Amino acid sequence: MKSSSAVVETTCAYCGVGCGVRMQLQADGVVASGDANHPANAGRLCVKGHTLGETVGLQGRLLHPEINHQPVSWQQALDAAAQGLQKVMHEHGPQAVAFYGSGQLLTEDYYVANKLMKGFIGAGNMDTNSRLCMASAVVGYKRAFGGDAVPCNYQDLERADCVVLVGSNTAWAHPVVYQRLAKAKAERPEMQIVVVDPRNTATCDIADLHLALRPGSDAALFCGALNAMAAGGKLDTDFVQQHTQGAPETLLATQAWTPETTADYCGLPLSQLQAFYQLLARSQRLVTLYSMGINQSSSGVDKCNAIINLHLATGQIGREGCGPFSITGQPNAMGGREVGGLASQLAAHMDFTADDIDRVGRFWNSNRVAQAAGLNAVDLFRAIENGQVKAVWIMGTNPLVSLPDADRVRAGLARCPLVIVSDIMRDTDTTQAAHILLPAQGWGEKNGTVTNSERCISRQRAFLPIPGEAKPDWWILCQVAQRLGFGEAFAYQHPADIFREHAALSGFENAGTRAFDISGLAQLCNEQWDALRPIQWPVNAANPQGTPRLFTDNTFLHADGKARLIAVVPRLPANLPGAAYPLVMNTGRVRDQWHTMTRTGKSARLMQHTSEPYCQFHPDDGPGIQAGDLVRVSSSHGWLLLRARPDRLQPRGSVFVPMHWSTRFSQQARVDALVAAVTDPLSGQPESKHMPVSLRKWNAAWHAELFMRGEGLAPPTTAYWSRITQPGVTHFALADTSLPGDWMTWLNEHYSTHDKVCQVARLGEEGFNLLVWAQGELQLAFYAQRTPLTLAREAVVAAFMHLPQNAQQRLALLAGRADGAKTPAGAIICSCFGVNESQIREAVRQGYNSVQQLGATLKCGTNCGSCIPELKKLVVGQRVELTNNGS
């Protein structure tokens, strides 16, 4: 990159907020900034968005087709894929073939995959990793409204009297939505925010009320709320009578949920529950924002409908500042729902009814359309295990890490006769199981559209050169389709061709019976499609400028135009703790990582906030376990090795473990290997928030950190290792249960130190430090001791780039500390500006006693704002410490 290029406006690669970003290739790299004109974020970005340019390098990329992990030509790979699929279909029928997609596919990619599988191969077995995050929300909306239609938008959050955040650590999982909400709260302090979450998360920073309910009891909470609104005369009886059905049965079912019963079931103080009810009763404009804590449940659909019931019964829908709002986790989970990417959908919000099958068949000019829903994600991989499915094509996702009972999934996939994987990365848990690897273009390299959580369609545009032989997913699918004999239906020359067909299908014989209708975009030429500005569906003759809010006329999508209240019977999770596994494990995201880290794991900056997988627990649930120890977390399905994070804000009886670490980044931290494949009977979505586990200290004989020049080097053979991304350096945290007889011998078994200058500090039985030099450059740094280490990691990494200038600096480096530093820097709190815990504590000691003052002197919290809740906690904690010390 020798000079700057033009700015390209595109959409972020991460969560379902769908932020607009401006990308530019500059002389020193790729720079991301927020798009001030995009309605989702108005120029804001979280730290992951700001570091997008740090994740587009080619290290680890899959750049050429492979068969059995050997490079081949595209012709050979495509022929092999088509011949393999054809053989399976001929011998076992179309039901023996399955596709498994991803919410990171573009809509155009998704459309072609779904059309090929359901329209021409003729089976319903096209499912997606979105099954794991929002399938229950889809079914909840369809039961209530008659269609999968998110009724509200982000502006409604800002204009509500009361916002209830349920099962969502919005501050970390959807930071820009949280920033918008925090700004609205600052401008209108009378706005009330309620957080419903067993954990005290960063989101609680702006909450007026935090309901730390018993895990899994959300449906009871909302049944109790509906009963309280009925008892207090707060129902909108006119709306209920004119625009809904099912109210009598639903209200009767909630009568058992008195305040006392609900408080006891949810584990909440009665006074706190009544305060919640009073907030609801006073609110004229209510938004409930819900996410994985609701959806990822064996009764997730009922939880969704309990929330929607409250909104319907009180008329809190179809108006500004109102509505039940399910927020998605992936950049195009909504686009996948639009095209039919779930096995339970056919296409364009049509189902497997006789009329819809006939309609789609006529539109696609195919007599091979699937006649029934296919296998959802968990059942699909069980069918692979038992031999029912003999060929699977996995696109842009890593199910060997993300699916529940992941070790069983791994074993089952190993027995599958044909595994095709399209991906951008060569070395993931899933690509290792592939017979045919197809290099796909990634974010920044291909063109298409995505749809965010508020139904806003945005363009993703290319701004990077195409690496190697990578191709867009739609092109790969079309090439295979043509080889299968379906060439006429898959003769697309441009992604805009696909979009136009997708838009036309959405309006085909629609007449307002389906909410998803973008037929108003079906005539866009290529140039108009390329220049498409963000727009919310439906977009049709009646709504040519898009539709920010649904159901404003109180007409719903059931045949009679009425919504349905659903009588919900709250039930406990299927897996309950017992003597062997007395704790409940909750899983989720951390602030600076996303999914299985194939993208965020490339950024050293994003690794600084949380560098290793961990287990957060209440100290009373792990007596004698100190912060930084290693712990073994076990379930009936497997075990993990994780760093201990005792925290008194974590509720008793439960632990939290992040979802992100794969075997590329840690030896034994794939959290879904512990999770049972228990699913919601209506949505097929797995329960990921309630797995019984045990916790005990793992007695390591030694802990170490190893730094080596060069990136991507293999870890040594140890019981525990975690890879920590650093610029130009491979860095591992290590531990094991037995001490080596001699450290130099052990190191040389893994990395040769021969013919190099070694600087050694032998610390007797307490430890061993080593620096290895060659040609005047640091090649390796190793630090080992009996207890967990506290190193100046940034100083060690810097020494690989800039040589220590004198003996004092070399001795400091050998000791693992920065020259002249008295205390370790601590964790990075502000990833945007690299501000660490030690700097913040020192600033507070000097009198900077607010987030604003810290921002003025250190800049922390002044960019994306994701660190502000942690800054506030540090300020308060440091003040208390200073007061106790008499300072």
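# Notebook: strands, sheets and salt bridges

**Entry 1, the three-stranded sheet.** I began with an open sheet of three strands, which come in the order E17-E18-E19 with antiparallel pairing. Strand E17 (448-451) and strand E19 (535-536) are the edges, and because each has a single partner strand, one side of each is left without a neighbour in the sheet. I noted that two strands count as paired if DSSP finds at least two bridges between them, and that helices (H or I, at least four residues) and strands (E, at least two) are DSSP runs numbered from the N terminus. Between E17 and strand E18 (residues 456-460) I found four bridges in the antiparallel sense, and threonine 451 stands opposite isoleucine 457 in E18.

The model is a predicted one, in which local features need pLDDT of at least 70 and side-chain atom pairs count only at pLDDT 80 or more, while totals for chains, interfaces and linings use all residues. Residues are numbered from 1 along each chain as its sequence is written, and side-chain values use heavy atoms, with hydrogens and water left out.

I then turned to an open sheet of five strands, whose order is E10-E9-E8-E12-E13 and whose pairing is parallel. Its edge strands are strand E10 (209-211) and strand E13 (323-326), each of which pairs on one side only. Neighbouring strands of this sheet are turned against each other by 15° on average, with direction ignored; axes here are lines fitted to C-alpha atoms, for helices over the stretch in contact, and angles run from 0 to 180 degrees between N-to-C directions. Strand E8 (residues 162-166) and strand E12 (residues 286-290) run parallel and are joined by five bridges, with valine 166 standing opposite tyrosine 290 in E12. H4 packs on the sheet, where it touches E12 and E13, and its direction makes about 155° with that of E13. Helix H8 (residues 218-231) lies across E8, strand E9 (192-196), E10 and E12, and runs at about 155° to E8.

Which residue in E2 is the bridge partner of threonine 10? I looked this up and found valine 21. Threonine 10 has its place in strand E1 (residues 8-11), and E1 pairs with E2 in the antiparallel sense over four bridges. At 3% relative accessibility threonine 10 counts as buried, where buried means under 20% relative accessible area, exposed over 50% and partly exposed in between (1.4 Å probe, protein chains only). A polar atom of the threonine 10 side chain lies 2.9 Å from the backbone nitrogen of arginine 461. Leaving aside neighbours within four places in sequence, I listed the residues in contact with threonine 10 (heavy atoms within 4.5 Å), among them Cys19, Val21, Trp443, Arg461 and Phe463.

Strand E2 (residues 20-26) is largely enclosed by the rest of the structure, because five of its seven residues are buried. E2 also runs antiparallel to strand E3 (residues 29-34), to which six bridges join it; leucine 25 stands opposite valine 30 in E3, and the two strands form a hairpin with two residues between them.

How many salt bridges does the structure hold? My search gave 47, a salt bridge being a side-chain nitrogen of Lys or Arg within 4 Å of a carboxyl oxygen of Asp or Glu. In one of them, arginine 591 meets glutamate 870, with the closest N and O atoms 2.8 Å apart. Arginine 591 lies in the loop between strand E21 (583-588) and helix H23 (604-607), and glutamate 870 in helix H29 (residues 868-884), so this pair ties together parts that are 279 residues apart in sequence. Both arginine 591 and glutamate 870 are buried.

A salt bridge also joins the side chains of arginine 337 and aspartate 148 (2.7 Å, N to O). This pair links distant parts of the chain, with arginine 337 in helix H15 (residues 333-339) and aspartate 148 in the loop between helix H4 (135-145) and helix H5 (154-159), 189 residues apart. Arginine 337 and aspartate 148 are both buried.

For arginine 564 and aspartate 560, I noted a salt bridge whose closest N and O atoms are 3.1 Å apart, and aspartate 560 is partly exposed, with a relative accessible area of 34%. Finally, Asp356, Asp358, Arg359, Arg362 and Glu509 are linked in a network of salt bridges.

Conventions
A polar contact is a pair of N or O atoms within 3.5 Å; within protein, one must be able to donate a hydrogen and the other to accept it, and residues adjacent in sequence count only if both atoms are side-chain atoms.
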